[in-house]
Amino acid sequence: MAAVLMTVLMSLGIVVAEAPPSMAAVGCTYAGCTGKDPSAMNCGSTSNADYQWVSGGSYRSYSWYLRYSGNCHAYWTRMVKGDCATIQNADYYMRIESELATPYGWYRSHVQSKKHVKGCDGTDWTRMIAWEANSRYRMCVATIWPPTSTDLVSTIADSDWSCWDWNYS
């Protein structure tokens with residue numbers, strides 16, 4: 001149907017520009033992105049790192065990013081591993097949090113957490129949280145020693161997460 005419409009418009013001398021691939025392929029926007037995979041929704045190809053933290057010391061092969069897609073209007077946390085030498089000594093968890101401003105103060109509105117899957121693939125990320133007006137976002141990391149085959153994300157206390165500064169929308 002779209003091809004027929006394009007042919008008719010072009011025969012009338014009307015030039016129709018196609019949307020760039022990244023715009024046409026975005027699979028969700030705003031609240032429709034919450035809980036979805038940024039890669040599967042093609043939000044990753046339209047994102048920028050709002051905040052980046054590169055780890056130091058014995059974990060210098062890891063980098064964490066707070067990502068935002070302007071086309072999808074959503075945030076997520078992404079982890080990039082520089083090499084495979086240090087990944088076997090612990091389990092790494094990442095999460096993205098959002099809080100909404102109210103007349104009574106800030107309250108947590110969304111959390112997406114994920115255990116990093118071991119291997120040498122290099123990157124991993126959480127599911128997304130939609131951008132909302134009057135909200136703030138941050139990324140957090142937790143490390144569990146020794147590594148286990150179990151996903152312990154639901155048992156990690158809030159006090160055991162290392163979180164970065166809030167990014168205000």
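At what relative accessibility does cysteine 163 stand, and does that residue count as buried, partly exposed or exposed? In the predicted model examined here, cysteine 163 has a relative accessibility of 29% and therefore counts as partly exposed, since the partly exposed class lies between the 20% limit for buried residues and the 50% limit for exposed ones. The partner of this residue in a disulfide is cysteine 140, the two sulfur atoms being placed 2.0 Å apart, and cysteine 140, at 0% relative accessibility, counts as buried.

The setting of this pair is given by the secondary structure of the chain, which comprises 2 helices and 10 strands, arranged along the sequence in the order α-α-β-β-β-β-β-β-β-β-β-β. The torsion about the S-S bond of cysteine 140 and cysteine 163 is 105°, and the link is right-handed.

By the distance rule applied, the model holds 3 disulfides. Another of these joins cysteine 43 and cysteine 72, whose sulfur atoms are likewise found 2.0 Å apart. For this pair the torsion about the S-S bond is about -95°, so the disulfide is left-handed. Cysteine 43 is located in the loop between helix H2 (21-24) and strand S1 (47-54), whereas cysteine 72 is located in the loop between strand S2 (62-69) and strand S3 (74-81), so that parts 29 residues apart in sequence are tied together by the pair. Cysteine 43 has a relative accessible area of 0% and is buried, and for cysteine 72 the relative accessible area is also 0%, so this residue is buried as well.

The remaining disulfide is formed by cysteine 28 and cysteine 33, with a separation of 2.0 Å between the sulfur atoms. The link of cysteine 28 and cysteine 33 is right-handed, with 105° about the S-S bond, and both cysteine 28 and cysteine 33 are buried.

For the chain as a whole, 36% of the 169 residues count as buried, and the accessible surface comes to about 9200 Å², with 56% of that area belonging to carbon and sulfur atoms. Of the contacts between residues at least 6 apart in sequence, 60% join residues at least 24 apart.

Key: Residues numbered from 1 in each chain as written. Predicted model: local features only at pLDDT ≥ 70, side-chain atom pairs only at ≥ 80, totals over all residues. Heavy atoms only, no water. Helix = DSSP H or I, 4+ residues; strand = E, 2+ residues; numbered from the N terminus. Buried < 20%, exposed > 50% of the residue type's maximum accessible area, 1.4 Å probe, protein only. Contact = heavy atoms within 4.5 Å. Areas by Shrake-Rupley, 256 points an atom, 1.4 Å probe, with all protein chains shown as cover. Disulfide = S-S within 2.5 Å.
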